[in-house]
Amino acid sequence: MKRLNIITMLLCCLLTACSHGPDPIRYGKDACAHCKMTIMDKRFAAELITAKGKVFKFDAAECMAGFLKENPTIAGDAKSVFLVNDFTNPGQFTDARKSFFLRDSSLSSPMGGNLAAFLSRQAAEAAKKDKSAQVYDWSLLLSKNK
Amino acid sequence: MRSLIVKIGLLFMLPVPVWAHTIIVAPGTKVATLKQAVTLAKNGDTIRVEKGTYISLNTIVDKELTILGQNQPVLDARFQEEVLTITSGHVKLDGFIIKNSKTGSMRDFAGIRLSNVEFVTISNNTLINNFFGIYLSNCKHIQVLHNHITGSNNIENSGNGIHLWKCKEILLNENYVTRHRDGIYFEFAKKCLIENNFSEKNIRYGLHFMFSDDDTYRHNTFKNNGSGVSVMYTRRIAMLDNTFIENWGSSIYGVLLKEITDARIEGNHFIRNTTGIYMENSDRITVTHNDFVSNGWAMRVLASCNKDHFTQNNYKGNSFDVTTNGTLKEIYFNDNYWDKYEGYDLNKDGTGDIPYRPISLYAQIIEQNPQSVMLMRSFIVNLIDKVERAIPSITPESVKDEKPRMKPWKK
């Protein structure tokens, strides 16, 4: 019986490794795939899942954008999933393609990009503090980064 | 004549005018809070706070004052606000217990905040349970001396112990920081000196530089932090005589160097770390007179590094001396002591007669196939490493120490 339990446990481990979907970020443990820093801040963390199901975790949206710049095939693949945290509701992943990004000097995101993601353009505009702050959508953000 | 003018000039610059007053704050008296005292005070006055517990919801110090705590009075923000904000230059804050700042994701609440000021000294304070400990933004000529800073160790509610943003010429001396996110954090902080500090058990880094040039840190100890010290996107940093000890775990390093140039790493001790130094995109780094003792990887130098020099270091008891992920170019090793060196010194000049190759064949195999770590210290691994050392064929030809020392360097 005991052995059966162990075998099922092992099987479960194997199966979870194959699942295709977001992998929760272990804050304070996981390192950013781009800048190597430990991911700490829920407000800025981002995640990318490739078409094959490989997961990359990032401490900030600017790191994900930087990573995509170096890996244009993943960036161009329609099956890639890009996830960001909603700044007003940290800990909740949303689709980066549908999000809006505020670049505001008062936001101190981990890699100095001063970027935060919001669900809607209105929410991003509402969070503006600096007059020169700008709001981008996902495709504009990627093109700005080039 | 000129010196006389200078002397007269200095006289006018004396910080404490002779007509200064002293205001005493004590519980149950007329002046029962620090806030009242600041309102009453004039530039140049001294405020003495007697022993007791005071509620301080973001007391703003906007005058040139010397504020002294007698027998460690407590300033408590009860998790509602920041504790203290200094917005005036020429302030000294000494001898307080500062605790319980508000936490939260929208603003960086701090125990002591310094904003746009010069010539301020923060000394001998104990900070407990604050979101950020001491927060300096846009400051110059600040001294942070002998403070004891303890955070909450909660991943969500931990800011940095000492946080610098856009600062210049700051001195941090003899501070102790623990249980924060980063013990000491520098962003756009230039020409600073970090000396004799002890940073341990912080969640992320003991010390963290981002975009901060021309800083020096020396005689500090970084123990058992999330990842030791991280230096990123920074130029001309000097790292001298520090101790990096027991920074253990996957993706954890004694020092993580990323995209830095012209750094000096001298006289440091790297003891029992998973990786002593990890280097990526780092150019013109000189690593001299360091001790690498009992680390998993003494150094991991990625192929993106250029023109780095490693001389007169001691490598003792490390599982791997050097590893890399590709072809190293213009990386120079010279005059180091390697305990794994098995050469001879026939002419007795203190250096071995055959070169030492710090990257072992087995390290190369692990690089390609991490699972093979299972075979570590097995007979077959020892055998192939010995064969490779005798007849090098696979390990990179360019990476070698032409003059390995026979005996360790003594300090």
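# Briefing on a predicted two-chain model

With 17 C-beta neighbours inside 10 Å, Arg236(B) counts as partly exposed, a class that sits between buried (20 or more other C-beta atoms within 10 Å of a residue's own) and exposed (12 or fewer), with C-beta atoms placed from the backbone. Welcome to a predicted model, in which local features need pLDDT of at least 70, side-chain atom pairs count only at pLDDT 80 or more, and totals for chains, interfaces and linings use all residues. Residues are numbered from 1 along each chain as its sequence is written, while chains are lettered from A and ligands numbered from 1 in the order in which they are written.

**Loop residues with positive phi in chain B**

- Arg236(B) has a positive phi of about 50 degrees, although this residue is not a glycine.
- You will find Arg236(B) in the loop between strand E24 (229-235) and strand E25 (238-240) of chain B; helices (H or I, at least four residues) and strands (E, at least two) are DSSP runs, numbered from the N terminus.
- Asn281(B), also a residue other than glycine, has a positive phi near 50 degrees.
- The loop that holds Asn281(B) runs between strand E30 (275-280) and strand E31 (286-288) of chain B.
- Asn281(B) counts as partly exposed because it has 16 C-beta neighbours inside 10 Å.

**Chain B overall**

- Chain B has four helices and 38 strands.
- The C-alpha trace of chain B spans about 85 × 60 × 30 Å along its principal axes.
- Of the 411 residues in chain B, 42% are buried.
- Among the contacts in chain B with a separation of 6 or more, 45% come from residues 24 or more positions apart; a contact here means that the C-beta atoms of two residues, placed from the backbone, lie within 7 Å.

**Nonpolar cores**

- The largest nonpolar core has 95 residues, and those with the most contacts inside it are Ile112(B), Leu136(B) and Ile170(B); such a core is a set of buried Ala, Val, Leu, Ile, Met, Phe, Trp, Tyr and Cys residues joined through C-beta atoms within 7 Å.
- Another core lies apart from it and has 34 residues, among them Ala45(A), Leu68(A), Leu83(A) and Leu102(A).
- Leaving out residues up to four places away in sequence, Ile170(B) touches Leu136(B), Cys139(B), Ile142(B), Leu164(B), Ala189(B) and Cys192(B).

**Where the chains meet**

- Chain A gives 12 residues to the contact and chain B gives 14 residues.
- On the side of chain A that touches chain B, there are six nonpolar, three polar and three charged residues; Ala, Val, Leu, Ile, Met, Phe, Trp, Tyr, Cys and Pro count as nonpolar, Asp, Glu, Lys and Arg as charged, and the others, Gly among them, as polar.

**The four-strand sheet of chain A**

- Four strands of chain A form an open sheet in the order E2-E1-E3-E4, with antiparallel pairing; two strands pair if DSSP finds at least two bridges between them.
- Strand E2 (55-58) and strand E4 (93-95) of chain A are the edge strands, each pairing on one side only.
- From one strand to the next, the twist averages 25 degrees.
- Three bridges link strand E3 (residues 81-85) of chain A to E4(A) in the antiparallel sense, and Leu83(A) has Asp95(A) in E4(A) as its bridge partner.
- Helix H2 (residues 61-70) of chain A lies across E1, E2 and E3 of chain A and runs at about 135 degrees to E2(A); axes are lines fitted to C-alpha atoms, for helices over the stretch in contact, and angles run from 0 to 180 degrees between N-to-C directions.

**The three-strand sheet of chain A**

- An open sheet of three strands in chain A has the order E6-E5-E7, with antiparallel pairing.
- E6 and E7 of chain A stand at the edges with a single partner strand each, so one side of each has no neighbour in the sheet.
- Neighbouring strands of this sheet are turned by 30 degrees against each other on average, direction ignored.
- In strand E5 (residues 100-103) of chain A, Phe100(A) and Leu102(A) point one way and Phe101(A) and Arg103(A) the other way, and all are buried.
- E5(A) is joined to strand E6 (residues 115-118) of chain A by four bridges, and the bridge partner of Phe101(A) in E6(A) is Ala117(A).
- Four bridges also join E5(A) to strand E7 (residues 134-137) of chain A, where Phe101(A) stands opposite Tyr136(A) and Phe100(A) stands opposite Asp137(A).
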